[in-house]
Amino acid sequence: MMEIEEVNNYESLPLLSLNHVSLLCRSVWDSMRFYEEVLGFVPIKRPSSFKFNGAWLYNYGIGIHLIENPLIDDFDTIIEPRPINPKDNHISFQCKDVEIVKGRLEDMGMKYVTAVVEDEGNTVDQVFFHDPDGYMIELCNCENIPILPLSACLFKPRMSSFGRAVFGPTKCGFVENAMMESLSMDMLDISF
């Protein structure tokens, strides 16, 4: 596991890793079946002191905590299923073979959307789909793009999309370049 060196002035919290994601669901049974059969999670014991219907599942070093709320639609203004949108909130899991994932989803009759991300000759294949409650799941081979802290990227002047010279990373990906360009533009605006 790669650790990124801290380069800010603040001491970070003593975090170790992501422990679990907690999701409200209409039916614990339906959601459990989905996370077991589609994603390979395993039900685990949860504390007996809980006085509400739910389930805990675990695999891949992360937990999924399901909390049943049959009235979930009362809190969600979107009753119709949302389109599968890769830019929407989602949970992402690494996978070994995106083609196997697509075949399995097709066998199960599940709708999905694919996307491809390219950066400096590296390609990431992504598959997006919804769980029974409309939460979006992504499966990808994201490890194909290296994790580079912005501080590790080379900086030199270049022309921005606004036609102004800015200093920014030249050996980082699109997102890092866009973030640095935005920051540079904000700094220029402040300085005048």
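**Figure 1. His65 in strand β4 of the predicted model.** His65 belongs to strand β4, which covers residues 62-68, in what is a predicted model. With a relative accessibility of 11%, His65 counts as buried, because buried means under 20%. The side chain of His65 makes a polar contact with the side chain of His20, at 3.4 Å. Beyond its neighbours within four places in sequence, His65 is in contact with His20, Val21, Ser22 and Leu23, and also with Ala55 and Trp56.

**Figure 2. The open sheet that contains β4.** Four strands form an open sheet in the order β1-β4-β3-β2, and their pairing is mixed. The edges are taken by β1 (20-25) and β2 (42-44), each with a single partner strand, so one side of each has no neighbour in the sheet. From one strand to the next, the twist averages 30 degrees. Strands of a sheet pair through backbone hydrogen bonds, in a parallel or an antiparallel way.

Figure 3. β1 and β4 run parallel and are joined by six bridges. Leu23 stands opposite Leu66 in β4. β3 and β4 run antiparallel, and six bridges join them as well; here Leu57 stands opposite Ile64 in β4. β2 and β3 also run antiparallel, with three bridges between them. Val42 stands opposite Tyr58 in β3.

Figure 4. Tyr60 is found in the loop between β3 (54-59) and β4. The hairpin formed by these strands has two residues between them. Phi of Tyr60 is positive, near 60 degrees, in a residue other than glycine. Is Tyr60 buried or exposed? At a relative accessibility of 53%, Tyr60 counts as exposed, because exposed means over 50%.

**Figure 5. Met32 in helix α1.** Met32 sits in helix α1, which spans residues 28-37. Its relative accessible area is 15%, so Met32 is buried. Which residues does Met32 touch, not counting those up to four places away in sequence? They are Pro43, Ala55, Leu57 and Leu66. Met32 and Trp56 are 24 residues apart in sequence, while their C-alpha atoms are 8.6 Å apart in space.

**Figure 6. The two sides of helix α3.** Helix α3 covers residues 98-107, and Val98, Val101, Lys102 and Leu105 are buried in it. Seen down the axis of α3, these buried residues fall within an arc of 95 degrees, so they line one face of the helix. An α-helix has 3.6 residues a turn, so residues three or four places apart point the same way. Glu99, Ile100 and Asp107 are exposed on the other side of α3. Which strands do the buried residues of α3 pack against? Their packing partners are β6 (113-119), β7 (122-130) and β8 (136-140).

**Figure 7. The ends of helix α3.** Asp97 caps the N-terminal end of α3, with a side-chain oxygen 2.9 Å from the backbone nitrogen of Glu99. α3 is followed by Gly109, and the phi of Gly109 is positive, near 70 degrees.

**Figure 8. Glu120 in the loop between β6 and β7.** The loop between β6 and β7 holds Glu120. Although Glu120 is not a glycine, it has a positive phi of about 50 degrees. Glu120 is exposed, with a relative accessible area of 52%.

**Figure 9. The whole chain, for orientation.** The secondary structure of the protein chain comes to four helices and ten strands. From the N terminus on, the elements run β-α-β-β-β-α-β-α-β-β-β-β-β-α. The protein chain has 192 residues, of which 31% count as buried. Among the contacts with a separation of 6 or more, 49% are between residues 24 or more positions apart. The protein chain has an accessible surface of about 13,400 Å², and 58% of this surface belongs to carbon and sulfur atoms.

Notes:
Residues are numbered from 1 along each chain as its sequence is written. This is a predicted model: local features need pLDDT of at least 70, side-chain atom pairs count only at pLDDT 80 or more; totals for chains, interfaces and linings use all residues. Side-chain values use heavy atoms; hydrogens and water are left out. Buried means under 20% relative accessible area, exposed over 50%, partly exposed in between (1.4 Å probe, protein chains only). Contact means heavy atoms within 4.5 Å. A polar contact is a pair of N or O atoms within 3.5 Å; within protein, one must be able to donate a hydrogen and the other to accept it, and residues adjacent in sequence count only if both atoms are side-chain atoms. Two strands pair if DSSP finds at least two bridges between them. Axes are lines fitted to C-alpha atoms, for helices over the stretch in contact, and angles run from 0 to 180 degrees between N-to-C directions. The arc is that of the directions from the helix axis to the C-beta atoms. Accessible areas come from the Shrake-Rupley method with a 1.4 Å probe; for residues, only the protein chains shown count as cover.
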